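My entries follow in the order I made them.

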Amino acid sequence: MTYCVAIKLNAGLVFLSDSRTNAGLDHISTFRKMIVYEKSGDRFMVLLTAGNLSISQSVREILQVEHLKDTETGESITIWNAKSMFDAARVLGSAIRRVHDRDAASLRSSDVDFNVSLVFGGQIRGEGMRLFQMYSAGNFIEATGETPYFQVGESKYGKPVLDRVITPDTPLAEAAKCALVSMDSTMKSNLSVGMPLDLVVYEADSFQSDKLVCIDNSNPYYAMLHNNWGQKLREVFDSIEDPVWDDAHTDIPLKMPASRHDPLKKISSPEEKLI
């Protein structure tokens, strides 16, 4: 399985991915799910992949040479000369469809779905930063102020902390910390997501980044975060009062009549009906 998250902020972009893949309990391997495309001073783009590994690797390979025809000029558009991230995302969509046309029928004959999910984001000189989630059909959606992050893969365990913390105004360092907490929560609950992790932080309008790091079990910052997050969660949990059933002993009783609903009905004989 996989977990990847990308966050779009006013200050920049944060990308984080794990590297574990598995094809059964006895076949667990490490493959990177992130690739960075940088032409310093002109464009910076990051691709995160999840789903069938053979499909995502094929898409990444074809993306290097894939091109579209500009309907107005007739020129070829690639990720290296696209004038906007939207056009670069269109090139990626075309690469996905090319792999689908080549492999989908063969996969289907072996009862394998054409399954790939990608996140693609960055900035090209002349426009602002943009972030897209790509689907198996080659179509995509774009991140907005209301939805400033995308996840692919095993997303449910790491989503709550993102929802509580991330807004467009979140500072980059805080967002990177939040992404790592999101990943740590996922790895705690799902063994199919694992190290090493790849983290990239991009500052708006820089068109390059040297904030790239591979994180393994010996990383001191991650070890600190992992230990403190678990400890602080336990402290917060312990600070919340336990439920009290006798309302005479507390100002915050649990057992109170609901304002708009009847209490749960007990069935005590075969003749009784629920409704």
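This is a predicted model: local features need pLDDT of at least 70, side-chain atom pairs count only at pLDDT 80 or more; totals for chains, interfaces and linings use all residues.

Entry 1, aromatic pairs. Rings of Phe, Tyr and Trp (its six-membered ring) pair if their centres lie within 6.5 Å; planes under 30 degrees apart count as stacked, over 60 as edge-to-face and the rest as tilted. I looked up Phe 44 and Tyr 202: their ring centres are 4.8 Å apart and their planes stand at 10°, so this pair is stacked. Phe 44 belongs to strand β6 (residues 43-51) and Tyr 202 to strand β13, so the pair ties together parts that lie 158 residues apart in sequence. Helices (H or I, at least four residues) and strands (E, at least two) are DSSP runs, numbered from the N terminus.

Residues are numbered from 1 along each chain as its sequence is written, and side-chain values use heavy atoms, with hydrogens and water left out.

I traced an open sheet of 5 strands in the order β12-β1-β2-β13-β14, with antiparallel pairing. Two strands pair if DSSP finds at least two bridges between them. At the edges I found β12 (149-153) and β14 (211-215), each with a single partner strand, so one side of each has no neighbour in the sheet. From one strand to the next the twist averages 10°; axes are lines fitted to C-alpha atoms, for helices over the stretch in contact, and angles run from 0 to 180 degrees between N-to-C directions. Strand β1 (residues 3-8) pairs with strand β2 (residues 12-17) in the antiparallel sense over 5 bridges, and Ile 7 has Val 14 in β2 as its bridge partner. Helix α4 (residues 172-189) packs on this sheet, touching β1, β2, β12, β13 (197-203) and β14, and its direction makes about 20° with that of β2. Contact means heavy atoms within 4.5 Å.

I traced another open sheet of 5 strands, in the order β5-β6-β9-β10-β11, with antiparallel pairing. Its edge strands are β5 (34-39) and β11 (140-142), each pairing on one side only. Neighbouring strands here are turned by 15° against each other on average, direction ignored. β5 and β6 pair in the antiparallel sense over 6 bridges, and the partner of Lys 39 in β6 is Arg 43. Helix α1 (residues 53-63) lies across β5, β6 and β9 (116-124), running at about 160° to β6. Helix α2 (residues 85-109) packs on the sheet and touches β6, β9, β10 (130-134) and β11, with its direction at about 155° to that of β9.

Which bond joins Met 195 and Pro 196? I found a cis peptide bond, with omega about 0°. Pro 196 lies in the loop between α4 and β13. Asp 111 has a positive phi of about 60° although it is not a glycine, and I placed Asp 111 in the loop between α2 and β9. For comparison, most residues other than glycine have a negative phi, and most peptide bonds are trans.
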